[in-house]
Amino acid sequence: RVDKYCLKHHFSPPPKAKEIGLFYEIKEKEYLEKLGFKVYHRYPYISTNCSTLIGREISCDIDVFDNKGKFVKFVEVKSIAATPGTEFRLTVNEYESRNNCIKNSWQYEIIVYYHFGDEVIKRQVIKLSDKLKFEASGYLCYQ
């Protein structure tokens, strides 16, 4: 049987989640480019194509360099169709990547776009020094 608690905490992505997520990743890429950064969007791959970062094995959406080619930070973009403050998911790879960046003093930001369709309600920046509250969820359990 399926455990009711586990079902309660299992969430399916909304319809067109990949397209919505990609929309906000591109929005963040364009935002960073306007600030003068050199940006490498990883889509559709989870691994970087930047030779200087390949050994770091960090999962994220965008690699950011300054205009001289020096690495600045990794950026993970989350798009949440909800009010600001609503929880969001990190994959195991994203969570471990963030922890790896903490250990190695590599910059890693999570950018959360709280939105209604293509209208941004709030763009929130979660820096490496910010604490995350988390609970395990999303597992289907069988007995």
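The legends below accompany a set of close-up views of a predicted model.

Residues are numbered from 1 along each chain as its sequence is written, and side-chain values use heavy atoms, with hydrogens and water left out. Because this is a predicted model, local features need pLDDT of at least 70 and side-chain atom pairs count only at pLDDT 80 or more, while totals for chains, interfaces and linings use all residues.

**View 1. The whole chain, to get our bearings.**
The protein chain holds three helices and five strands, where helices (H or I, at least four residues) and strands (E, at least two) are DSSP runs numbered from the N terminus. Of the 143 residues, 30% are buried; buried means under 20% relative accessible area, exposed over 50%, and partly exposed in between, with a 1.4 Å probe and protein chains only. The accessible surface comes to about 9900 Å², and carbon and sulfur atoms contribute 54% of it; such areas come from the Shrake-Rupley method with a 1.4 Å probe, and for residues only the protein chains shown count as cover. Among contacts (heavy atoms within 4.5 Å) with a separation of 6 or more, 54% are between residues 24 or more positions apart.

**View 2**
The open sheet has the strand order β1-β2-β3-β4-β5, with mixed pairing. Its edge strands, each pairing on one side only, are β1 (38-41) and β5 (119-126). From one strand to the next, the twist averages 25°. Helix α2 (residues 17-34) packs on the sheet and touches β1, β2 (62-65), β3 (71-80), β4 and β5, with its direction at about 145° to that of β3. Helix α3 (residues 92-104) also packs on the sheet, where it touches β3, β4 and β5, and its direction makes about 140° with that of β4. For these angles, axes are lines fitted to C-alpha atoms, for helices over the stretch in contact, and values run from 0 to 180 degrees between N-to-C directions.

**View 2. Strand β3 between its two partners.**
Strands of a sheet pair through backbone hydrogen bonds, either parallel or antiparallel. Here two strands are taken to pair if DSSP finds at least two bridges between them. On one side, β3 pairs with β2 in the antiparallel sense over four bridges; on the other, seven bridges join β3 to β4, and these two run parallel. β2 and β3 form a hairpin with five residues between them, and G69 in the turn has a positive phi of about 90°. Eight of the ten residues of β3 are buried, so this strand is largely enclosed by the rest of the structure.

**View 3. V64 in strand β2.**
V64 sits in strand β2 and counts as buried because its relative accessibility is 0%. Its bridge partner in β3 is K73. Setting aside neighbours within four places in sequence, V64 is in contact with L32, F37, K38, K70, F71, V72, K73 and V75. Y108 is 44 residues from V64 in sequence, and their C-alpha atoms are 9.9 Å apart.

Strand β4 (residues 108-116) runs antiparallel to β5, joined to it by seven bridges. A polar atom of the H115 side chain lies 2.8 Å from the backbone oxygen of G117. Beyond residues up to four places away in sequence, H115 touches I20, Y24, S79, I80, A81, A82, V120 and I121.

**View 4. Aromatic rings in pairs.**
Rings of Phe, Tyr and Trp (its six-membered ring) pair if their centres lie within 6.5 Å; planes under 30 degrees apart count as stacked, over 60 as edge-to-face and the rest as tilted. By this rule there are five aromatic pairs. The rings of Y24 and Y113 have centres 5.1 Å apart and planes at 35°, so this pair is tilted. Y24 lies in helix α2 and Y113 in strand β4, so the pair ties together parts 89 residues apart in sequence. Both Y24 and Y113 are buried. The rings of Y40 and F65, with centres 5.6 Å apart and planes at 90°, form an edge-to-face pair. That pair links Y40 in strand β1 with F65 in strand β2, 25 residues apart. Y40 is partly exposed, with a relative accessible area of 33%, whereas F65 is buried, at 5%. Ring pairs link Y40, F65, F71 and F74 into a cluster.

Technical notes
A polar contact is a pair of N or O atoms within 3.5 Å; within protein, one must be able to donate a hydrogen and the other to accept it, and residues adjacent in sequence count only if both atoms are side-chain atoms.
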